[in-house]
Amino acid sequence: MILDTFEALAMVAAIFAILILGTTHLRTNLSFYSLHTMAIAAVTAWIASITHEDHLYLVAAGVFIIKSCSIPWFLNSVIKKINVGTDGGAFIAAPLSMHLGALMLGLSFMISQQIPGLIGEADSRLGSTAAMSILFSGVLLMLTRRAAISQIVGFLVIENGIYLFAVTQTHGMPLMIEMGLLLEVLVAVMVAGLLLFNIKKSFEHIDVSQLTELKD
Amino acid sequence: MINDPTTFSAANLFTSASAIWLGGLAISAVGREKVKSNFLAFLMLAGALLTLSGAAISWNQSIEYNQLQYICFGLARADSLVDPLSVPFLALLGLLGSATAIASPCHTAALNSQGKRGHYWKLSFIFLIGMQQVLLAANGIAFLVFWEIMSLSSAALVASDHIRHRAQRAAFAYLTATRISTALITAAFLWMHHNTGSWSLSAWHFGTEQSLVAAFFLLFAVCTKAGVWPMHVWLPLAYPEPPGPTSALFSGLVGNMAIFLLMRLLLAGQCSHLSIAYAAIALGTISSLWGVLFALMERDLKKLLAYSTVENMGIILTAIGVAILAHCHNLTAIATLAAAAALFHTLNHGLVKALLFLGAASVERAVHTRELTALGGLAKNMPWTMLCFFIGSLSICAMPPMNCFASKWLVYQTFFQLSYANAPILERAMSLAMVGILAFVGALSLACFTKAVGIAFLGRPRSNAAAKAKESTTNGPDGLIIAQLLLAVACVMIGTSVPIALDGLAPAVRQLTHDQFLVGSSLFPIPQGQLALVGGILVSSIYLFVLGRRSAEVKSYITWDCGFGPLSTRAEETGSSFSHPIGRIFSQILQLKVTTEISGKDRRHFPESVRVETFMTPILETKLYRPVMGIFDWLSSSLVRLQTGSIHIHLLYVFLTMVLLVFLGTNI
């Protein structure tokens, strides 16, 4: 199997996402997340060069600046302020969840073989494999971790998976929509960061498994 | 389409009636502080009269117009169709709308809060518009939209006294019933659209095999909405609740709208499913028996009337069932008779029930209660109400010179003719049995209304409030009384000129049964009007010459009390004691239990206190609906356990759903 360059980059992004699963150290998580998003920005730029869709360069720049630099920096400062270093205890131990993530990569490959409408365009199949694997990794992260900050990272990883799927399958959405999405993610993370301060202030911890008031 | 002058003017009349009601709605919504209720009542009356005159103009012909074409409901435009079938219902709407408009100002004047007044006017206008457009709707989509407007506004009317627990319960029960019926109607419409590819109501033909499911959905939807056994439980709760004058609209038209739908689709659509006919006859028969039994036992005046509606809806449904049955056997004459009976009885019942509910509203306004045990002796204080209620009772018991006599006579005729027609022997036997059942129901309803009139209006007042009852707020008869008189006069007029009325209904019946040789007046050969005139002259001359002379010698005595001690109102017969002998016969169905407690030293001869209590457990509610409700409760409380409140579990649900969708989409 010969990988196209952007497919190889997408796979790199997927592997970084699986690596996020492998540690409970929040700062390391964030740096992996940053690298993972950089790979996605690179994928976007590469696709722009193949398809000659100039607006994708702008999107790639946006992804790089906002998602892979500003957001990790902001979250890093939040971690410093609330003084939480590691995730208190995952429901599934970190190495095990990393292996589950690797399994999910295989599962995503199986699923992407089956997606109708892509059989003719064989070149984008690995892109969708990577995208789905990133999505599953994000879900695993949200499902297994207790700290609220991991939930935010998991959410961002899921968002990246969806974005990568869109980019590899459709060669990019219109610029307005992409920019809107980026802004939305930025605002969501800002709000989540502020909420984190408040959670820490009111409960003295950021363990979401103890927040069980979400019912009638 | 709008070339013919009749079409043009009739369409204009209907549209402007709607527009006037819409204007009334806007005025009552915006400027409620300043607007006099007389002005709003005038607008309501104007709309009703316009509807009435539109119906009169388009009496004999079918009119299709699309003046509201700028209103589009996505799949279809708001096309309107006035055909011979909808015209009598529009006329009824106009008449009852006028009565409501006349009765409204004195009702709102008695309301102490401004909010309640605004609520009353707004909902009445929406309700009227909804009903008019339901009758005019030419396609299924427009029908459903206006049906919903009608249902929801009437549910809000039921809930207008929403602070009371009783009204809340009634509103919820009514809402449940209308939701179920709308869901079923929607399913039937979709099914028919799938079959025929058209949304037009007149394009749907129910003679085909595929239409059976839709016909069943429609039948059950109509049974739910009209309050036919066993879906009638909401009816005695909801019918008494709407505020005074609108209870005339509610009781006279809500059930009739459902019957109208059944006639328009199943009868005019030439339904030829024997199973539908049997189901309709069976449900109708049970409903008429059940309704009249419970009406007889009821202690609440308005609930009594509501149960009587259950009975009459049953009779109408039976007649419709026979019409379908006769159509299946190609017995056109009987089908025509049955359709005419159903249509005529629907209209008569709507009129009479509205009259009776206005009478009950008048009683409730004067005495502030509907309990028969607190009424009595109202005849002296409320002569007009007594007269109108008596006329209504006569009519609903099918007494000869009245309108319901003619329509029930037609129902009897249908069964007699079916019993010696060329039909299977079982059906002929059934129709003979039905004659007996109808006679029995008629006798019980006579007892029931004897009780209603006798206990409420005759005898001596059973409470202080009843003794001090005042009929009207002004010196002369006020709006509520005039509205009753209007409807009572309409009842008597239809009753004494049945052949003319039937001639008027002939186009509608022709549309229902496609019988071109029908002569309306030949259906009812009894010269009821002339007989009533002769009888009236005879009775009044006897009164004048024989009894009238003695009236000068009236003396008043004390009633002999059998040596029992001074007579008080407690010695009077009560509603329960009146109906108890019949209730005892049916105590299995009614779950009637009586406990008697006699105490004292020598309890055999000189009891110090006697205490008698009667209990009735509504069997359908306890044996059928409560277990069903229990199952729903249990299901929903088990579903609540899914909602753990933990973020992780909720995320897991999202994730599992996503995985499921991916797997479904990719066929792995």
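Q: Which residues in H18(B) do B:Asn403, B:Phe405 and B:Ala406 in H15(B) meet?
A: This is a predicted model: local features need pLDDT of at least 70, side-chain atom pairs count only at pLDDT 80 or more, and totals for chains, interfaces and linings use all residues. Residues are numbered from 1 along each chain as its sequence is written, while chains are lettered from A and ligands numbered from 1 in written order. Contact means C-beta atoms, placed from the backbone, within 7 Å; helices (H or I, at least four residues) and strands (E, at least two) are DSSP runs numbered from the N terminus. The three residues in H15(B) meet B:Cys491, B:Ile494 and B:Gly495.

Q: How many nonpolar residues does the contact of H15(B) with H18(B) have?
A: Ala, Val, Leu, Ile, Met, Phe, Trp, Tyr, Cys and Pro count as nonpolar, Asp, Glu, Lys and Arg as charged, and the others, including Gly, as polar. Charged residues number none here and polar ones two, while the nonpolar count is four.

Q: Are H15(B) and H18(B) parallel or oblique to each other?
A: Axes are lines fitted to C-alpha atoms, for helices over the stretch in contact, with angles from 0 to 180 degrees between N-to-C directions. Residues 403-419 and 479-496 pack at about 45°, axes 7 Å apart. Under 35 degrees is roughly parallel, over 145 roughly antiparallel, 65 to 115 roughly perpendicular, and the rest oblique. The helices are therefore oblique.

Q: What is the mean pLDDT of chain B?
A: pLDDT is the predictor's confidence in each residue, from 0 to 100. In chain B, 97% of residues reach 70 or more, and the mean is 88.

Notes: Two residues are in contact if their C-beta atoms, placed from the backbone, lie within 7 Å.
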